[in-house]
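User: I'm new to this structure and would like to understand the words used for it. Could you take me through them step by step?

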Amino acid sequence: MANNEESRGLKSLFDWFANRRKSGSISLERQEREIADGLWNKCPKCGVLTYTKDLRANQMVCTECGHHNRVDSDERIRQLIDPGTWRPIDEHLRPSDPLGFRDRKAYSDRLRETQEKLGLVDAVKTGLGEISGLPVALGVMDFRFMGGSMGSVVGEKLTRLIEQATQRRYAVVIVCTSGGARMQEGMLSLMQMAKISAALELHREARLLYVPILTNPTTGGVTASFAMLGDIILAEPKATIGFAGRRVIEQTLREKLPDDFQTAEDLLKHGFVDEIVPRTQLKKTLAQLIALHQPPTATTTHSMVLWEKTMTLSSSVAE
């Protein structure tokens with residue numbers, strides 16, 4: 001009799017542990033489901049859970065450690081452009097498969113699947129808008145679309161954006177994030193480097209401002225062309241910026257590279273970047289730069305001529 005009671009006691013004890021284990025797994029599943037549903041966001045840097053609404057209010061920057069989470073092109077436009085002023089351009093341009101390229105799957109199939117999944121036409125959005133009331137031509141690359149790779153459409157849209165900005169005498173701002181030129185388009189993708197650079201040279205000759213913003217990551221042919229041609233080059237904190245990959249460079253040089261190699265901070269130290277600006281301060285910084293570099297109007301030009309004549313006359317009298 002005593003043995004039966006003892007066995008029942010042990011059995012109930014096992015049941016209790018089993019129930020605890022089961023309830024623990026359910027709560028873990030519930031927690032994972034809530035995170036997956038987008039209610040919470042776990043910082044990949046410090047591991048802190050943040051309410052997604054609060055994180056978006058802080059422009060997807062971790063309030064605990066300052067880690068800059070990657071954002072898509074739509075979110076970036078909302079962060080920078082004044083509400084109601086965004087006017088997209090050249091949305092009709094669509095990529096093609098001129099080489100009939102195929103790796104594990106056909107390039108045309110890869111394009112179609114990516115477009116359907118993301119609702120994007122290609123890896124960049126371009127348009128005209130205002131930043132704190134100042135007109136600007138903005139291009140925003142999106143890393144989700146085949147690693148932000150630069151194909152023919154990306155090059156064409158950015159070139160047309162810069163040409164419109166030159167005609168309208170607008171400042172140009174391009175948010176860069178890319179793995180480089182799109183290998184599926186071969187030489188055609190490499191030609192975009194020269195095409196965009198030529199448009200930027202005409203923009204520079206018109207004495208107009210161009211500001212690239214280097215975000216994580218900015219690499220390959222984008223870094224080797226328009227990302228480094230800015231009048232003022234800005235970068236986000238801890239962004240990876242470079243041409244070839246770290247592993248390739250280490251194998252070529254047969255040397256161990258510093259931990260901060262190809263970071264925005266390292267490039268700032270060596271003069272490749274002019275300033276590192278946190279995302280929460282980016283719109284304010286851009287507004288200040290654009291305001292300082294506004295093209296002169298007829299009134300200001302006349303005033304400058306009168307000022308120069310006055311200074312010349314004053315110098316003559318003094319002599």
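Analyst: Let's start with aspartate 122, which is found in the loop between α4 (107-118) and β4. Helices (H or I, at least four residues) and strands (E, at least two) are DSSP runs, numbered from the N terminus. This is a predicted model, where local features need pLDDT of at least 70 and side-chain atom pairs count only at pLDDT 80 or more, while totals for chains, interfaces and linings use all residues. Residues are numbered from 1 along each chain as its sequence is written, and side-chain values use heavy atoms, with hydrogens and water left out.

User: Why is aspartate 122 called buried?

Analyst: Buried means under 20% relative accessible area, exposed over 50%, and partly exposed in between (1.4 Å probe, protein chains only). Aspartate 122 has 3%, so it is buried.

User: What makes the pairing of aspartate 122 with arginine 182 a polar contact?

Analyst: The two side chains meet at 2.8 Å. A polar contact is a pair of N or O atoms within 3.5 Å; within protein, one must be able to donate a hydrogen and the other to accept it, and residues adjacent in sequence count only if both atoms are side-chain atoms. The 2.8 Å therefore falls within the cut-off. Aspartate 122 also touches residues including Pro95 and Phe145, leaving out those up to four places away in sequence; contact here means heavy atoms within 4.5 Å.

User: How do you know that β4 and β5 are paired?

Analyst: Two strands pair if DSSP finds at least two bridges between them. Eight bridges join β4 (residues 124-131) to β5, so the two count as paired, and they run antiparallel. One example is threonine 126, whose bridge partner in β5 is glycine 139. The two strands form a hairpin with two residues between them, and serine 132 in the turn has a positive phi of about 55°.
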